[in-house]
Amino acid sequence: MRVVIDSNILVSIIGKKSRLRAIWDAFIEGRFDMYVSEDILKEYEEILQEHAAPGADEIVLEIFAESPNVHFQHIYYAWNAITADPDDNKFFDVAVASNATYLVTNDRHFDVVKKLPFPKIKILTSAEFLNLLHKA
């Protein structure tokens, strides 16, 4: 399964006591492949520095650098599908370029891409993705 994870989800899944921790555990266990770009990694780092425990950004980024199930995706085309928050386009563009199975986000700005006839990307909330992992 190919997955792109929005930064708002990443912050929520790494906490040991988080109700979403099973997503992080599934990633560590290699149950899904995660697709990123340099821009996504930069945002992850910024968000983790802002909202996670000190040093968490370094640990998470090191895990990503060493993980065989993290794939760097080059963006060949900027779709500019999300006009309400253009910064979110980096996640959508990676999802399209990597032929992602799911883009996981709790951000409502992504609702607009659900209505696009092309390209089709399945958008899941963290709860929906967690439920899918529990069923697998």
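Strand β1 (residues 2-5) runs parallel to strand β2 (residues 33-36), and two bridges join them. Strands count as paired if DSSP finds at least two bridges between them. R2 has D33 of β2 as its bridge partner. Strand β1 also runs parallel to strand β4 (residues 102-104), with three bridges between them. Here V4 stands opposite L103.

The model is predicted; local features need pLDDT of at least 70, side-chain atom pairs count only at pLDDT 80 or more, and totals for chains, interfaces and linings use all residues. Residues are numbered from 1 along each chain as its sequence is written, and side-chain values use heavy atoms, with hydrogens and water left out.

Seven helices and five strands make up the elements of the protein chain. Both are DSSP runs numbered from the N terminus: helices are H or I of at least four residues, strands E of at least two. Their order from the N terminus is β-α-α-β-α-α-β-α-β-α-β-α. The radius of gyration is 14 Å, close to the 14 Å that the globule rule gives for 136 residues, so the chain is as compact as a globular protein of that length. This radius is taken over C-alpha atoms; the rule is 2.2 Å times the number of residues to the power 0.38. The C-alpha trace spans about 40 × 30 × 25 Å along its principal axes.

Of the 136 residues, 46% count as buried (under 20% relative accessible area, 1.4 Å probe, protein chains only). Among contacts (heavy atoms within 4.5 Å) with a separation of 6 or more, 65% link residues 24 or more positions apart.

Key. Buried < 20%, exposed > 50% of the residue type's maximum accessible area, 1.4 Å probe, protein only.
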